[in-house]
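Okay, thanks everyone, let's get going.

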Amino acid sequence: MERVVPGARRPPDLVGTSTFWATIGVTLCATVPFGLLPGARAWIGCAVLLMWACFFTANAVLSRRTHSVISAPVYLLAAAALAGTASGLTEADIWMVWLLGAGIIAANLSERFVGKYL
């Protein structure tokens with residue numbers, strides 16, 4: 001449970017801001033080319049994962065939010081794995097799902113046990 005000191009100023013958090021909603025909007029808009037361009041699906045997914053990695057990196061730097069500190073490298077690793085698959089260097093079918101799943105679970109549990117902000 002996060003301890004809140006009365007009168008303490010909380011660092012700015014990008015979650016819930018227009019930047020956050022724009023990132024969600026771009027992610028949803030990416031479904032159109034994802035459906036229309038099957039040959040480019042891996043690269044579109046890579047771009048979306050990189051966008052989320054940038055969002056979480058910016059939020060980690062600004063707010064030091066625990067979830068963002070853990071999520072940023074997870075999304076970056078997933079984007080690298082997907083780029084490797086798109087270029088034919090690696091095969092990231094099942095283990096990439098485990099990478100993302102484990103990272104998201106770790107990020108959510110970290111806020112529970114470490115606190116919302118570092």
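**Starting from Val-15**

So, Val-15: setting aside neighbours within four places in sequence, Val-15 is in contact with Phe-20, Phe-55, Asn-59 and Arg-65, where contact means heavy atoms within 4.5 Å. Before I go on, this is a predicted model, with local features needing pLDDT of at least 70 and side-chain atom pairs counting only at pLDDT 80 or more, while totals for chains, interfaces and linings use all residues. Residues are numbered from 1 along each chain as its sequence is written, and side-chain values use heavy atoms, with hydrogens and water left out.

Back to Val-15, which sits in the segment before α1 (18-29); helices here are DSSP runs of H or I, at least four residues, numbered from the N terminus. Val-15 counts as partly exposed because its relative accessibility is 35% (buried is under 20% relative accessible area, exposed over 50%, partly exposed in between, with a 1.4 Å probe and protein chains only). Val-15 and Phe-113 are 98 residues apart along the chain, and their C-alpha atoms are separated by 20 Å.

Now the helix pair. How do the axes of α3 and α4 cross? For α3 (residues 41-63) and α4 (residues 66-86), the axes come within 8 Å and cross at roughly 160 degrees; the axes are lines fitted to C-alpha atoms over the stretch in contact, with angles from 0 to 180 degrees between N-to-C directions. So α3 is roughly antiparallel to α4, the label for angles over 145 degrees. The residues that meet include Trp-43, Leu-49 and Phe-56 in α3, and Val-69, Tyr-75 and Leu-82 in α4. By class, the contact of α3 with α4 has 18 nonpolar, six polar and no charged residues (nonpolar is Ala, Val, Leu, Ile, Met, Phe, Trp, Tyr, Cys and Pro; charged is Asp, Glu, Lys and Arg; polar is the others, Gly among them).

In the loop between α3 and α4 you'll find Arg-64. Its phi is near 55 degrees, a positive value in a residue other than glycine. Most residues other than glycine have a negative phi. Arg-64 is partly exposed, at 48% relative accessibility.

Conventions. Helices (H or I, at least four residues) and strands (E, at least two) are DSSP runs, numbered from the N terminus. Angles under 35 degrees count as roughly parallel, over 145 as roughly antiparallel, 65 to 115 as roughly perpendicular and the rest as oblique.
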